[in-house]
Amino acid sequence: MAESILRKDGAERFRAFSAGSMPKGAVNPFALRVLESYSYPVDGLTSKSWEVYAGPNAPRMDFVLTVCDNAAGEACPLWTGQPVTAHWGIEDPAAVDGGDIDKERAFVTAFRYLKNRISLLNNLPLASLSRLAIARQLQGIGLIEGSTSSNPKVA
């Protein structure tokens, strides 16, 4: 969902990519439904391993943001260009048990938290901030409402 939100809301400033440490092989249909209901693009979204962005032909990343808590403690690939990394933990909506209404509600909540954080990212004056200041700002964004992180890591 974050890729779609950033592709639309940050299109003038960022290129967005999304991947995971344990891809399921298909984008969750509830994620697609929620994105479409808020008029966010779903074309081109795929379930893929983050390893596709660690190779020599991968796009250069300025920032790598993890959002699922199971990724926070994992060893991430070595990213080309040494991007600023931060963890923006939110509850994994795909892990919610229950009926379709409960699952969709979880994805709407995750969408709202991600959209708020991406809005803050989009409004950072990146050109006037040092790498350390950007890292601190990203860390702070990761602690706003909905955070599951009490001690996020920033590199």
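Reply: What follows is a set of questions and answers on the terms applied to this predicted model.

Me: Let us begin with Ser-4; what makes Ser-4 count as buried or exposed?
Reply: Ser-4, which belongs to helix 1, has a relative accessible area of 0%, and because buried means under 20%, Ser-4 is called buried.

Me: Which residues does Ser-4 touch, leaving aside its neighbours within four places in sequence?
Reply: With those neighbours left aside, Ser-4 is in contact with Leu-35, Tyr-40, Pro-41 and Leu-45.

Me: How do you know that the side chain of Ser-4 makes a polar contact with the backbone oxygen of Pro-41?
Reply: A polar atom of the Ser-4 side chain lies 2.5 Å from the backbone oxygen of Pro-41, and since the cut-off for such a pair is 3.5 Å, the pair counts as a polar contact.

Me: Why is Glu-3 called buried?
Reply: Glu-3, also placed in helix 1, has a relative accessible area of 10%, and because this value is under 20%, Glu-3 is classed as buried. Apart from its neighbours within four places in sequence, Glu-3 is in contact with Ala-16, Phe-17, Ser-18, Leu-45 and Lys-48.

Me: Which residues of helix 1 are buried, and what covers them?
Reply: Glu-3, Ser-4, Ile-5 and Leu-6 are buried in helix 1, and the cover over the buried residues of this helix includes helix 2 and helix 4.

Me: What makes helix 1 oblique to helix 4?
Reply: Helix 1, residues 2-9, and helix 4, residues 100-122, pack at an angle of about 40°, and their axes are 10 Å apart. That angle makes helix 1 oblique to helix 4, because angles under 35 degrees would count as roughly parallel and those from 65 to 115 as roughly perpendicular. The crossing of these two helices is right-handed.

Me: Which residues bring helix 1 and helix 4 together, and of what kinds are they?
Reply: On the side of helix 1 there are Ala-2, Ile-5, Leu-6 and Asp-9, and these meet Phe-111, Leu-114, Lys-115, Ile-118, Leu-121 and Asn-122 of helix 4. Seven residues of this contact are nonpolar, one is polar and two are charged.

Me: Why are helix 2 and helix 4 called oblique to each other?
Reply: The axes of helix 2 and helix 4 cross at roughly 60° and come within 9 Å. Helix 2 and helix 4 are therefore oblique to each other, because the range for roughly perpendicular runs from 65 to 115 degrees and roughly parallel requires an angle under 35. Helix 2 passes helix 4 in a right-handed crossing. From helix 2 the contact draws on Phe-30, Ala-31, Arg-33, Val-34 and Leu-35, and from helix 4 on Asp-100, Lys-103, Glu-104, Phe-107, Val-108 and Phe-111. The residues of this contact divide into seven nonpolar, no polar and four charged.

Me: How do you know whether Ser-37 is buried or exposed?
Reply: Ser-37, found in helix 2, has a relative accessible area of 52%, and because exposed means over 50%, Ser-37 is called exposed. A polar atom of the Ser-37 side chain is 2.7 Å from the backbone oxygen of Val-34. The C-alpha atoms of Ser-37 and Val-108 are 9.7 Å apart, although 71 residues separate the two in sequence.

Me: What makes Ser-39 and Gln-82 count as exposed?
Reply: Ser-39 has a relative accessibility of 54% and Gln-82 one of 62%; because the cut-off for exposed is over 50%, Ser-39 counts as exposed, and Gln-82 counts as exposed too. Ser-39 sits in the loop between helix 2 and strand 1, whereas Gln-82 sits in the loop between helix 3 and strand 2. Neither is a glycine, yet Ser-39 has a positive phi of about 60° and Gln-82 a positive phi of about 50°.

Me: Finally, why is Pro-59 called partly exposed?
Reply: The relative accessible area of Pro-59 is 21%, and because buried requires a value under 20% and exposed one over 50%, Pro-59 is classed as partly exposed. Pro-59 lies in the loop between helix 2 and strand 1, and, leaving aside its neighbours within four places in sequence, Pro-59 is in contact with Arg-15, Phe-17 and Tyr-53.

Terms used: Residues are numbered from 1 along each chain as its sequence is written. This is a predicted model: local features need pLDDT of at least 70, side-chain atom pairs count only at pLDDT 80 or more; totals for chains, interfaces and linings use all residues. Side-chain values use heavy atoms; hydrogens and water are left out. Helices (H or I, at least four residues) and strands (E, at least two) are DSSP runs, numbered from the N terminus. Buried means under 20% relative accessible area, exposed over 50%, partly exposed in between (1.4 Å probe, protein chains only). Contact means heavy atoms within 4.5 Å. Axes are lines fitted to C-alpha atoms, for helices over the stretch in contact, and angles run from 0 to 180 degrees between N-to-C directions. Angles under 35 degrees count as roughly parallel, over 145 as roughly antiparallel, 65 to 115 as roughly perpendicular and the rest as oblique. A crossing is left-handed if the near helix is turned anticlockwise from the far one by less than a right angle, and right-handed if clockwise. Ala, Val, Leu, Ile, Met, Phe, Trp, Tyr, Cys and Pro count as nonpolar, Asp, Glu, Lys and Arg as charged, and the others, Gly among them, as polar. A polar contact is a pair of N or O atoms within 3.5 Å; within protein, one must be able to donate a hydrogen and the other to accept it, and residues adjacent in sequence count only if both atoms are side-chain atoms.
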